[in-house]
Amino acid sequence: MIGVDVGGGDRLALGVLAQYRMATTEQMHRMIAPEVRIEQTRRRLARLRTEGLVDRITLPQAGRTRVWFPTAYGVQLASEWPELRGHRPSRTVSDPTAVRLKAGHTLTVTETAPVFLEDARGRGDVCEPLDWICEVHHPIGSGEAVIPDALPYYRRGPADGDNGSMLRAFVEVDRATMGPERLAAKLPAYERLHRYVPAVPGRRPSLQEPALEEWRRRYPLFPRVLFVLDGTGPAGVENRISALRPPDSRHRPASCTTSPSSRHRWPTCSSTAPPHPYGAPSKTPANESTGPGPGTGRGDEAAADDGRGRCFARQQGRSPCR
């Protein structure tokens with residue numbers, strides 16, 4: 001691999017594309033090298049393309065935007081690295097036709113990641129490009145699974161005053177391609193994940209070894225469910241947030257944000273200060289029932305993660321947040 005800096009930026013660029021599936025040139029620049037000129041990112045991607053590690057398509061309907069994705073060879077190489085060990089990319093991740101057809105949704109998911117990364121950099125928190133993991137498979141029994149669009153890992157810094165707690169969230173991106181009721185139908189699947197206990201053949205739970213929910217094998221605390229709402233106006237956002245908050249529910253199972261496409265620091269619903277990606281600490285857990293959300297599990301992160309959420313406001317006006 002002559003000319004490829006496998007120990008630096010080239011390695012990170014390939015790893016990001018293998019993990020995110022696809023990204024525009026601007027998105028790549030904001031994630032991997034915001035401190036340099038974007039021309040350097042363009043040259044890096046062109047070099048990786050020459051080496052057969054990445055490829056690109058052009059979206060004519062989006063101002064001829066270039067969309068980069070890993071080749072089969074690039075995915076194979078990146079999957080062998082320790083930081084991507086266990087990575088299970090889609091079988092169509094390197095297919096140009098599949099990339100074109102999936103670009104609308106996947107690029108919106110990718111666009112959400114820099115919001116977390118940029119906020120972390122400004123606050124002294126830790127959220128690196130490879131801390132944003134796409135489409136993690138979570139079985140819920142009967143051959144079904146919950147596959148969130150993304151799973152970010154975010155560690156709070158000393159400025160937040162809680163000794164660097166690790167925060168996690170299941171991110172679902174909605175582009176208004178389905179009705180509010182279908183969007184809300186995703187929540188029961190997360191409730192099933194919260195209580196799903198895999199059966200072990202020939203073994204029964206005991207007092208000494210009780211059965212554990214599947215999610216506890218991965219997370220000390222059940223991650224919050226975070227919906228990113230895009231492709232609709234204030235009324236559509238209101239309808240979707242209302243649908244995600246059933247009237248008979250005693251807890252707030254999810255946080256909602258509007259689209260991060262207009263990149264600026266949105267105010268929180270309660271103040272004009274720049275928000276933390278997971279919101280401010282709350283003395284009252286947001287979840288008081290058995291559904292998903294912070295407070296549903298017990299672990300070393302419980303005190304730090306209870307009651308956190310984030311609700312962004314659009315530049316022209318605040319979005320609903322209740």
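Trainee: How many helices and strands does the protein have?
Mentor: Nine helices and ten strands. Both are DSSP runs, numbered from the N terminus: helices are H or I with at least four residues, strands are E with at least two. This is a predicted model: local features need pLDDT of at least 70, side-chain atom pairs count only at pLDDT 80 or more, and totals for chains, interfaces and linings use all residues. Residues are numbered from 1 along each chain as its sequence is written, and side-chain values use heavy atoms, with hydrogens and water left out.

Trainee: OK. What share of the residues is buried?
Mentor: Of the 322 residues in the protein, 48% are buried. Buried means under 20% relative accessible area, exposed over 50%, and partly exposed in between, with a 1.4 Å probe and protein chains only.

Trainee: What about contacts between residues at least 6 apart in sequence?
Mentor: Among those, 67% join residues at least 24 apart. Contact means heavy atoms within 4.5 Å.

Trainee: Let's look at strand E8. Why call it largely enclosed?
Mentor: E8 spans residues 166-174, and nine of its nine residues are buried, so the rest of the structure largely encloses it.

Trainee: Which residues sit on each side of E8?
Mentor: One side has Met166, Arg168, Phe170, Glu172 and Asp174. The other has Leu167, Ala169, Val171 and Val173. Both faces are covered.

Trainee: In which sense does E8 pair with E7, parallel or antiparallel?
Mentor: Antiparallel, over four bridges; E7 is residues 150-155. Two strands pair if DSSP finds at least two bridges between them. Tyr153 has Arg168 in E8 as its bridge partner.

Trainee: And E8 with E9, parallel or antiparallel?
Mentor: Parallel, over six bridges, with E9 at residues 224-229. Val173 stands opposite Val228 in E9.

Trainee: Switching to rings. How many aromatic pairs turn up in the whole structure?
Mentor: Five. Rings of Phe, Tyr and Trp (its six-membered ring) pair if their centres lie within 6.5 Å; planes under 30 degrees apart count as stacked, over 60 as edge-to-face and the rest as tilted. Phe170 and Tyr219 have ring centres 5.9 Å apart and planes at 80 degrees, so that pair is edge-to-face. Phe170 is in E8 and Tyr219 in the loop between helix H7 (186-195) and E9, so the pair ties together parts 49 residues apart in sequence.

Trainee: Is Tyr219 buried or exposed?
Mentor: Buried, with a relative accessible area of 2%. Phe170 is buried too, at 0%.

Trainee: How do the rings of Phe170 and Phe222 sit?
Mentor: Their centres are 5.6 Å apart and their planes at 75 degrees, so they are edge-to-face. That pair links Phe170 in E8 to Phe222 in the loop between H7 and E9, 52 residues apart. Phe222 is buried at 0%.

Trainee: Which residues form the aromatic cluster?
Mentor: Phe170, Tyr190, Trp215, Tyr219 and Phe222 form one cluster.
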